[in-house]
There are 2 protein chains.
Amino acid sequence: MSRAMFRETHTRSIAKAISWRVLGSMATMLLVLVFTRRLALSLAVGGIEFLAKIGLFWLHERAWDRLRFGKREIAPAVVWLTGLSGAGKSTLAVWLGDALRKRGFRVECLDGDAVRAIFPQTGFTRVEREEHLRRIGYLASKLEQNGVFVIASFVSPYESSRQFVRGLCRNFIEVYVSTPLAECERRDVKGLYARARRGEIRNFTGIDDPFEPPSRPELTVDTSALSVSEAGTRILEYLEQRYLRG
Amino acid sequence: MSRAMFRETHTRSIAKAISWRVLGSMATMLLVLVFTRRLALSLAVGGIEFLAKIGLFWLHERAWDRLRFGKREIAPAVVWLTGLSGAGKSTLAVWLGDALRKRGFRVECLDGDAVRAIFPQTGFTRVEREEHLRRIGYLASKLEQNGVFVIASFVSPYESSRQFVRGLCRNFIEVYVSTPLAECERRDVKGLYARARRGEIRNFTGIDDPFEPPSRPELTVDTSALSVSEAGTRILEYLEQRYLRG
């Protein structure tokens with residue numbers, strides 16, 4: 001059972017005490033007035049109650065902050081976006097990350113390009129890619145275990161490494177970003193397809209290295225047929241149905 | 001700004017409303033009794049207040065659960081235990097992990113043996129160790145960024161890889177577990193020193209591979225001179241002075 005990394009500050013407890021007191025003492029004054037029909041008495045009781053109970057409420061809040069009872073942790077998930085370079089994975093990851101953060105969740109986006117910038121020695125052979133993706137999968141699973149939603153956007157062309165990652169995670173959602181090669185090559189945002197066609201880059205997925213489509217992805221989205229928000233909404237709806245209830 | 005992964009359940013809000021009500025209504029009854037000297041009246045006001053305010057308090061709790069105000073996140077740290085095989089790193093990591101969990105913190109223990117069991121292909125050459133430790137450091141930094149205390153126990157013999165990890169983390173606490181080689185070899189819990197001496201294992205730190213002591217560790221503990229709880233307490237005190245205030 002993991003624990004909270006938040007402590008309520010004294011300021012929060014005091015602010016809650018005051019906001020409750022305004023509500024509570026108005027109710028008390030009304031009650032005393034209804035029962036006694038004496039306005040002065042109801043104001044006196046309400047006034048003293050107002051002050052005395054702020055202190056009492058504050059103590060009550062501090063005591064409850066020590067208790068775990070009734071604090072339910074939300075089980076996060078690992079959303080794994082797989083697909084060709086230029087398929088729209090990173091854009092979708094950013095959209096989805098924002099949407100989840102807006103709902104108050106803790107989110108970590110792991111993106112192929114960003115991680116490779118930190119580990120530039122990582123190559124593109126099958127062995128190197130497999131090792132790289134297994135390490136990323138391990139990272140994703142540790143974040144998930146600690147209450148963080150993970151959105152991973154990696155070409156991750158091999159079924160074996162994706163299966164390895166699936167085995168490490170609790171809630172693994174494999175999203176196949178199935179934008180066709182022709183469309184990815186037409187976009188060629190980073191100019192990589194042109195370079196691969198000219199033979200300047202080796203082991204380029206879709207050109208001289210295979211992409212093994214997921215055999216049973218949880219979701220498939222094709223960004224040549226769907227806008228970013230349409231594709232993102234599909235993933236979000238999938239998450240909502242399974243993980244974000246309550 | 002990261003967010004909470006906890007939602008307060010309705011049960012918690014109702015339990016708090018009732019526990020507060022018992023306190024609050026007793027105070028109200030006492031006040032009415034003191035002002036009016038009429039027991040029946042004070043019981044009537046207190047009784048109705050008791051019921052009506054449970055509902056009001058519950059609504060008040062639900063509203064506050066939506067607010068982030070006054071919820072202060074605790075900044076965690078990465079405690080990196082470095083030292084020879086058999087120096088006592090893993091035992092210390094378990095002790096420290098338990099101590100931090102008892103205080104309600106989220107903790108992830110990353111241990112060399114456990115991680116290598118998941119990645120058995122990882123070798124012991126300088127290049128392989130460096131890459132391995134950099135990946136672990138990246139993992140540790142991502143956990144730290146997401147509010148998790150990390151206790152990493154790895155031989156991590158090279159200054160360069162430890163410096164790389166330091167650069168990735170926010171609060172990096174390098175703990176040099178400086179138990180001397182003679183003592184580690186005398187313990188030889190896993191029988192690895194004997195095997196390394198017989199030449200059955202290559203690249204064994206302390207035997208045929210160097211250990212570069214940290215140049216400026218935050219802490220140094222020698223488990224041949226200190227018990228586990230003494231060494232653990234030193235680390236805990238260091239954390240308390242710097243990170244666990246308030």
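Guide: Helices (H or I, at least four residues) and strands (E, at least two) are DSSP runs, numbered from the N terminus. By that rule, chain A has 9 helices and 7 strands. This is a predicted model, in which local features need pLDDT of at least 70 and side-chain atom pairs count only at pLDDT 80 or more, while totals for chains, interfaces and linings use all residues. Residues are numbered from 1 along each chain as its sequence is written, and chains are lettered from A and ligands numbered from 1 in the order in which they are written.

Visitor: How do you know how chain A compares with a compact globule of 246 residues?

Guide: The radius of gyration is taken over C-alpha atoms, and the globule rule is 2.2 Å times the number of residues to the power 0.38. That rule gives a value near 18 Å for 246 residues, but chain A has 27 Å. The box filled by the C-alpha atoms of chain A, taken along the principal axes, is roughly 90 × 35 × 30 Å.

Visitor: What makes E4-E5-E3-E6-E7 of chain A a sheet?

Guide: Two strands pair if DSSP finds at least two bridges between them. Strand E3 (residues 78-82) and strand E6 (residues 172-177) of chain A have 5 bridges and pair in the parallel sense; because the rule asks for at least two, they count as paired. Within E6(A), A:Glu174 is the bridge partner of A:Trp80. The 5 strands in that order form an open sheet with parallel pairing.

Visitor: Why are E4 and E7 of chain A called edge strands?

Guide: Strand E4 (107-111) and strand E7 (219-221) of chain A each pair on one side only. From one strand to the next, the twist averages 20 degrees; angles run from 0 to 180 degrees between N-to-C directions, and axes are lines fitted to C-alpha atoms, for helices over the stretch in contact.

Visitor: Which helices of chain A lie on this sheet?

Guide: Among them is helix H3 (residues 89-102) of chain A, which lies across E3, E4, strand E5 (149-153) and E6 and runs at about 175 degrees to E4(A). Helix H6 (residues 159-168) of chain A also packs on the sheet, touching E3 and E6 of chain A, with a direction at about 150 degrees to that of E6(A). Contact here requires that the C-beta atoms of two residues, placed from the backbone, lie within 7 Å.

Visitor: How do you know what span to expect of helix H5 of chain A?

Guide: The expected span is 1.5 Å times one less than the number of residues. Helix H5 (residues 126-145) of chain A has 20 residues and reaches 28 Å from its first C-alpha to its last, close to the 28 Å expected. After H5(A) comes A:Gly147, whose phi is positive, near 85 degrees.
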